[in-house]
Structures are given as structure tokens and as C-alpha cells.
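Please have the sequence and the structure at hand while reading.

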Amino acid sequence: MTAGRDSGDSAEHAAPTAGWMVVETLARTGDAGEVTVVVRDGLPKDWTSLQRALRPKRVADAARILVGRVVADGRERAESIPVRDGSVCLRLIPVCGPSGAVHGVLVHVGPAGIAPATPPPRAAAYEWSAVERVFRFTPQMSMFLRDDRPRLTSTAPGLFEAVHDPESGMYLLTALIDARDGDRWDGTVAARTESGPLPLRNIVRTARVEADGEIDMVSRGLAVELRPDQLSSQGPSVEALALRSLTRSNPTSIALVDVAAVRVVRWLTEPVEGVQWKGEADRRDTPHPDDVLRLVESYRGMNDWDDNSAFLPGIRLRRQGGGWVVVDLRATRVPGQRFIMVEFQPTGTSTEPDPVPVTDRGYPRPLY
């Protein structure tokens with residue numbers, strides 16, 4: 001009996017295993033108790049509390065308090081915690097998002113006086129606006145891309161230029177589009193890098209935000225590098241590669257369109273050349289306002305389409321530098337699916353005036 005008590009007491013007070021963990025701090029309640037460990041030593045964790053992820057309790061409690069302080073001021077910290085076998089050093093590094101809030105904290109646990117044996121995991125933070133349909137990044141996101149240019153904003157189709165596996169990208173984008181206040185999501189998305197696909201653990205929480213009289217659903221995300229053996233994606237399918245090859249000899253472009261917002265979410269081929277897409281420069285709709293109404297009316301009547309398809313000729317798309325690119329559209333729906341496939345066939349250009357001011361917010365106005 002005595003030996004059993006000593007063994008348990010020793011386990012409770014002994015120094016924890018050294019290594020890095022990633023704590024998400026995306027909840028906006030201000031309660032440090034809501035933070036969770038989502039990655040440890042390059043492996044995904046299932047939203048694990050610090051109390052469960054760290055032993056002894058004294059170290060877990062100290063880590064929770066320190067994480068709260070890092071979230072409050074965005075500063076790195078290091079502190080030694082006495083335990084039975086010596087002292088444990090906690091090192092904390094914030095991962096800040098594009099709005100300045102701390103999305104996550106990199107936490108190293110190890111013996112005091114000894115530097116970490118491995119560098120901190122690479123991590124970057126981002127945001128998604130449901131109203132603008134735009135990603136916002138920090139310059140750190142460039143570490144996961146194929147070039148060194150920091151992309152600070154991107155529209156939804158840009159996501160698929162950066163991912164190795166379009167299917168995992170669709171899971172993430174669909175979760176962002178459907179998100180409501182209080183939702184959370186996690187999944188692995190493979191980034192396309194110069195050295196090959198890189199598995200990233202993505203953690204997302206969504207909150208209702210009101211600013212300047214407008215209501216938005218803002219999803220705050222954290223992307224963390226995982227070990228290479230966590231890569232599960234297979235990359236683009238043969239069918240996807242075949243679709244992308246179409247525009248080499250054919251001007252037709254094909255995209256998936258979100259019917260609710262009348263927005264392109266993913267190009268299956270190369271996009272239509274010379275078009276200014278919504279979110280790239282401002283929030284105006286890409287189609288001419290008269291054509292937006294035609295599109296909305298057609299999509300609302302999808303149940304009346306012959307053979308689940310509809311043809312809309314002469315749609316004017318805002319051209320980069322002014323004027324319009326004129327295209328014929330053929331939309332095809334798959335019953336029961338939220339997206340429709342749309343073929344864009346360019347037929348010419350138009351120089352008619354643009355009646356929409358750059359301050360226009362476009363269609364639709366989501367109600368949350």
C-alpha cells in the first residue's frame with residue numbers, strides 16, 4: 001500500500017516529458033481555461049485540455065496562467081516551475097493573427113537551464129470573412145507556400161492554388177462557408193510547397209462580429225506543421241489534371257459556384273483570363289449588376305432547369321483595367337449538392353461604362 005502511494009505521488013510530481021505542444025487560443029471568451037492542446041511533438045491532438053496534456057498539476061496550472069498572459073499581451077515568456085525532480089522550464093511563443101489577436105501559443109516543456117532539443121513547430125494564423133469571402137493572413141503564412149511573397153489576402157479560389165489535395169481544401173472551405181457563431185472545426189490540409197506536400201493541422205473557431213453596423217461571421221484559424229508521416233492526401237486526381245489541361249487548347253473555363261452567394265469557390269480549370277474577381281480589389285460583384293439579377297433568378301429556379309442545366313448567354317464580367325469580358329455560361333447542378341458546376345465560354349469584350357461605384361458591397365447581404 002505504501003509503495004503504491006509513493007509511486008502515484010512520484011508520477012504526480014515528476015517532471016513532464018520534454019517537447020513542444022501547440023495550444024489554440026481562438027475562443028473569444030477571455031477564459032484561459034478554454035484553451036486546448038491541438039498538436040504535440042508534430043502529432044495532432046483532439047482538443048485536449050492543458051490539465052490532461054500536462055502533468056504534474058502544478059506545471060499544468062502554471063502553463064494555463066502563462067498562456068492567458070501571452071494571449072493578453074502577445075509577448076513571449078519563460079518561467080521555471082519547481083517539481084520533485086528539479087525544475088521545469090516553460091517557454092511560450094505567441095502566434096498572432098492578422099488582426100493582432102493571439103491565435104495560438106507554442107509551448108515548450110523541458111528541464112530548466114537546458115535549451116530545447118528541437119526548434120519550435122512552424123505555425124501561422126489567418127482569418128476568413130463570411131461577408132467578404134476573403135482570407136487574411138500574416139506574413140508567416142509564406143513559409144507554407146511555394147514562393148517567398150507574403151500573401152496578406154486571398155479569395156476562396158486562391159486556397160486551391162496553395163493546397164496539394166483539393167479534396168481537403170474543399171472540406172476546409174465548406175466548413176468556413178457553413179460556419180455559424182460558436183462553431184469549431186479541425187482537419188489536416190496539405191500545403192503545396194517547393195519541397196513537396198506539407199501536412200498542416202488546421203484549427204478554426206467562428207464568432208459573430210459586428211463592426212460599422214455590419215454583421216459578419218469571422219473564422220479565426222491556426223495552421224500548424226505536422227510530421228511528414230501525417231500526410232494522408234493523394235494530391236490532384238487524374239480527372240482534375242485533365243480538366244486543368246482543357247484551357248491549353250480551349251478557352252472554356254470551369255468552376256464550382258456557391259449558389260447561395262453566387263460566388264466562385266474553386267476553379268476546376270484555369271480561370272477566365274483578364275477578369276477582376278470579387279474580393280481581389282474590392283467587394284463589387286464581378287458580373288454587371290443587370291447580369292447579377294439574371295444569375296440569381298436562374299439559380300433560384302434550379303428545380304425548373306431542363307436536364308439539370310441552364311444556359312445564360314452574354315454575361316458581362318468586370319475586366320481588369322476597365323470594361324467587361326463577355327461570356328456565355330452553362331450551369332449544371334448535381335441534385336442534392338450545394339455547389340453547381342459552371343462553364344465560362346468567352347465570346348468577346350465590352351467597353352460600356354461601369355455603373356457600380358467601388359464602394360458597393362455587392363450581392364448578397366448575409367443575415368446572421
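## Basis

This is a predicted model, in which local features need pLDDT of at least 70 and side-chain atom pairs count only at pLDDT 80 or more, while totals for chains, interfaces and linings use all residues. Residues are numbered from 1 along each chain as its sequence is written, and side-chain values use heavy atoms, leaving out hydrogens and water.

## Aromatic rings

The structure contains 8 aromatic pairs (ring centres of Phe, Tyr or the six-membered ring of Trp within 6.5 Å; planes under 30 degrees apart are stacked, over 60 edge-to-face, the rest tilted). Tyr126 and Phe135 are edge-to-face, because their ring centres are 6.3 Å apart and their planes stand at 65°. Tyr126 is buried (under 20% relative accessible area, with a 1.4 Å probe and protein chains only), at 3%; Phe135 is also buried, at 3%. One aromatic cluster is formed by Tyr126, Trp128, Phe135 and Phe137.

Elsewhere, the charged end of Arg184 sits over the ring of Trp47, 4.1 Å from its centre (CZ of Arg within 6 Å of the ring centre and within 35 degrees of the ring normal).

## Largest pocket

The lining of the largest pocket comprises 23 nonpolar, 8 polar and 7 charged residues (Ala, Val, Leu, Ile, Met, Phe, Trp, Tyr, Cys and Pro are nonpolar; Asp, Glu, Lys and Arg charged; the others, Gly among them, polar).

Key
Buried < 20%, exposed > 50% of the residue type's maximum accessible area, 1.4 Å probe, protein only.
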